[in-house]
Amino acid sequence: MPSSAHLPSHPFSVVALDVGGTKIAGGLVTYPEKGARPDVSRPVSVPTDAARGGAAVLDDMVEVARTLIAQATCPVIGIGADTAGVVDPETGSIAYANQIMPGWTGRAVARRLASEFDLSAANMGDVHAHALGEARWGAACGLHSCLMVGIGTGLGGAFVLDGKVLRGFRGAAGHIGHTLHHLACDLPCACGGASHAETVTSGTALCARYQGKSFGDELDPSCMGAEIARRAETGDERAAEAIEFAGDALGQAIGSWCNILDPEAVVLSGSVVNAGPRWRYALEQGFQRQALTPLSDTRIIEGALGASAPLIGAAENLLDSIDASAKE
């Protein structure tokens, strides 16, 4: 956490915004006293409605921030955002976003928020923020390193070393969903590539396999991971096969990533974590088949902060940016 010399007296708040393809979530992250875990309050969520284009989404971010600033009961020192897409680590602008967020590429998110409210602002990738929140105040707090694996509609990741997220030269580090997977042979991926891990491990992949469809086809939204897990436990053999396949595929991928990164622990988050004990057992078995022997006892744990993780991570990133600016 930044030096208290660069921050106002406690308590103070950060407006935090978490923007994905489905919703814009926000909250006030309040630091009650030095060294105390931050508190997330005043949660708000509005639909992203990304089809309207990037300019409209950014306008809505501004309005959510405005609402939260008006509700704050202690000084607001800035705005921390995390967003979908590849975020330029220097400017907080969107370096790249696919067509799930049309018109999002190039949006100067941090600059717009800073100029709108005359406050410090910072932006980072959404999975990076989730990992930073868990590393600073959640399941990975106090660990030397962790690999965050977020399994939901897609598959994302981030590596945290000594409390800092490794973002990469262009801000794209952690796109583990777009690494090669031997079980995904020639399956087309949403990124435009093929044979990527996301196409066999994500929630979308799990549901497509159960519904007998191809990755990328329209799926029945009422039949997602937790429902498939429930059906598997009631004797639905197709559901059981889909759950076990997706869990095993993810476990094997995690084993391969651990062979490269050797984290102290792997932290799992996202909706698919609720896919039940059958999925988790398959994941553990897949991991053991791929991890090198010295890494076979790597802990695989679930995140502790839930939906608060990216908000806290975005706030922490804002505090880091304030600290860095003060040292220049």
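Colleague: What should I know before we start?

Modeller: This is a predicted model, where local features need pLDDT of at least 70, side-chain atom pairs count only at pLDDT 80 or more, and totals for chains, interfaces and linings use all residues. Residues are numbered from 1 along each chain as its sequence is written, and side-chain values use heavy atoms, with hydrogens and water left out.

Colleague: Why are α5 and α7 called roughly antiparallel?

Modeller: The axes of α5 (residues 203-211) and α7 (residues 237-261) cross at roughly 150° and come within 9 Å. Axes are lines fitted to C-alpha atoms, for helices over the stretch in contact, with angles from 0 to 180 degrees between N-to-C directions. Angles under 35 degrees count as roughly parallel, over 145 as roughly antiparallel, 65 to 115 as roughly perpendicular and the rest as oblique. The pair is therefore roughly antiparallel.

Colleague: Which residues of α5 and α7 meet?

Modeller: Leu206, Arg209 and Tyr210 in α5 meet residues of α7 including Arg238, Ile243 and Phe245; contact means heavy atoms within 4.5 Å.

Colleague: What makes α1 and α2 oblique?

Modeller: The axes of α1 (residues 54-71) and α2 (residues 109-117) cross at roughly 45° and come within 11 Å. That angle falls among "the rest" in the scheme, so α1 and α2 are oblique to each other. Among the residues making the contact are Leu58, Met61 and Val62 of α1 and Leu113 and Phe117 of α2. By class, the contact has eight nonpolar, no polar and four charged residues.

Colleague: How do you know that α3 is roughly perpendicular to α9?

Modeller: The axes of α3 and α9 cross at roughly 85° and come within 7 Å. The angle lies in the perpendicular range, which makes α3 roughly perpendicular to α9. Residues that meet include His130, Leu132 and Trp137 in α3, and Ile312, Asn317 and Asp320 in α9. Their contact has seven nonpolar, four polar and five charged residues.

Colleague: How much space lies in the second largest pocket, and what makes it a pocket?

Modeller: About 690 Å³ of space lies in the second largest pocket. On a 1 Å grid over the protein atoms alone, a pocket is an open set of points where a 1.4 Å probe fits, with protein on both sides within 12 Å along at least five of seven lines; lining residues have an atom within 4 Å of a point. Of the 28 lining residues, the closest to the centre are Arg167, Asn317, Asp320, Ser321 and Ala324. The largest share of the lining, seven residues, comes from α9.

Colleague: Which bond joins His10 and Pro11?

Modeller: A cis peptide bond joins them, with omega about -5°. Pro11 is found in the segment before β1 (12-19).

Colleague: What is phi of Arg42, and where is this residue?

Modeller: Phi of Arg42 is near 55°, a positive value in a residue other than glycine. Arg42 is in strand β3 (residues 39-47). Strands (E, at least two residues) and helices (H or I, at least four) are DSSP runs, numbered from the N terminus.

How values were computed: Points joined across faces, edges and corners; volume = space filled by probe spheres on them. Nonpolar A, V, L, I, M, F, W, Y, C, P; charged D, E, K, R; others polar.
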